[in-house]
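Dear colleague,

I am handing over the structure below, together with notes on what was found in it. Please read the notes alongside the coordinates.

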Amino acid sequence: MTVLRPVRAGNAFEETVERLLQAIKLGVVPPGHKLPPERELAVQLGISRVTLREAIRALSDAGYLDVRRGRYGGAFVTYVPPAPDAGDLRQAVNKMGMAELSDALTFRLAVECGAAQVLAAAELADDKRATLTRRLAELNEAGLEDYRRLDTAFHLSIAELTGSTLLATTCADARSRVSDLLNAIPMLQVNLDHAAVQHQAIVDAILAGNPDAARQAVVEHLEGTAALLRAFLS
């Protein structure tokens with residue numbers, strides 16, 4: 001839940017909406033699940049419960065949340081990413097612009113390579129090794145409807161396991177910039193199989209304590225994703 005970090009007081013409402021929307025769109029809180037309890041979430045974001053309620057109301061009005069009252073109530077995620085579509089991908093890229101897309105891909109490459117290098121250079125406790133292995137297993141077993149969400153969870157876990165909040169939040173920001181584009185890429189089995197091999201190479205390098213191999217594995221994977229984007233845009 002790194003994306004749900006404290007907001008700045010000057011723009012509390014706007015940043016709260018941004019944090020919650022990022023958590024929803026990245027699948028940190030999956031469709032049908034509810035946000036953490038109001039009191040806990042307000043403390044986590046460092047805001048008043050009044051501000052939190054206003055942000056939740058805004059996202060409810062926009063169709064991202066369903067607020068239910070009563071004993072089993074809460075703010076439930078209703079947002080479901082649209083089905084992959086090459087036309088939607090072109091539209092998203094046109095809206096972003098090619099220069100901004102290139103910048104976003106470069107940013108993601110830099111921070112995710114750095115996270116993998118840092119994690120590979122660290123002395124990993126057994127629980128962290130198990131978490132990384134579990135995230136990969138969950139991704140490999142995912143159905144198409146859950147693939148992008150669990151792919152995001154896998155990638156973000158690498159940064160989170162470094163123990164650096166700044167690095168984890170930066171990786172989440174980098175992923176957010178391209179999440180709509182990644183969601184729009186049609187999912188072909190051959191590409192998923194190739195990605196699985198690349199994900200395994202990343203994990204193997206990290207667990208082996210080889211920072212250079214971890215960086216190179218991330219480079220190859222993210223360059224493959226960029227090539228796939230270009231292919232569907234051509």
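Helices here are DSSP runs of H or I with at least four residues, strands are runs of E with at least two, and both are numbered from the N terminus. This is a predicted model, in which local features need pLDDT of at least 70 and side-chain atom pairs count only at pLDDT 80 or more, whereas totals for chains, interfaces and linings use all residues. Residues are numbered from 1 along each chain as its sequence is written, and side-chain values use heavy atoms, with hydrogens and water left out.

I begin with helix 7. Helix 7 has 17 residues and spans 25 Å from its first C-alpha to its last, which is close to the 24 Å expected at 1.5 Å a residue (the expected span being 1.5 Å times one less than the number of residues). Its buried residues (buried meaning under 20% relative accessible area, exposed over 50%, and partly exposed in between, with a 1.4 Å probe and protein chains only) include Tyr-147, Arg-148, Asp-151, Thr-152 and His-155. Among the elements that cover the buried residues of helix 7 are helix 5 (98–121), helix 8 (165–184) and helix 10 (211–233), where contact means heavy atoms within 4.5 Å.

His-155 lies in helix 7 and counts as buried because its relative accessible area is 4%. The side chains of His-155 and His-199 are joined by a polar contact of 3.4 Å; such a contact is a pair of N or O atoms within 3.5 Å, of which, within protein, one must be able to donate a hydrogen and the other to accept it, and residues adjacent in sequence count only if both atoms are side-chain atoms. Leaving aside neighbours within four places in sequence, His-155 is in contact with Arg-108, Glu-112, Arg-175, His-199, His-221 and Leu-222. Thr-152 also belongs to helix 7, which runs over residues 144–160, and Thr-152 counts as buried because its relative accessibility is 5%. A polar contact of 2.9 Å links the side chain of Thr-152 to that of Arg-175, and, with neighbours within four places in sequence set aside, Thr-152 is in contact with Leu-26 and Arg-175.

I turn next to an annotated region. An unreviewed UniProt entry carries the annotation "domain: HTH gntR-type" over residues 10–80; UniProt positions are given in the numbering used here, feature names are shortened, and annotations may be inferred rather than shown by experiment. Over residues 10–80 the chain is 49% helix and 11% strand, and the end C-alpha atoms are 31 Å apart.

The axes of helix 2 (residues 38–45) and helix 3 (residues 49–61) come within 9 Å and cross at roughly 105°. That makes helix 2 roughly perpendicular to helix 3. Residues that meet there include Glu-38, Leu-41 and Leu-45 in helix 2, and Leu-52 and Arg-53 in helix 3.

Two loop residues complete these notes. Arg-69 sits in the loop between strand 1 (65–68) and strand 2 (74–77) and is exposed, with a relative accessible area of 76%. Gly-63 is found in the loop between helix 3 and strand 1, and Gly-63 counts as partly exposed at 43% relative accessibility.

Terms used
Axes fitted to C-alpha atoms, helices over the stretch in contact; angles between N-to-C directions. Parallel < 35°, antiparallel > 145°, perpendicular 65-115°, else oblique.
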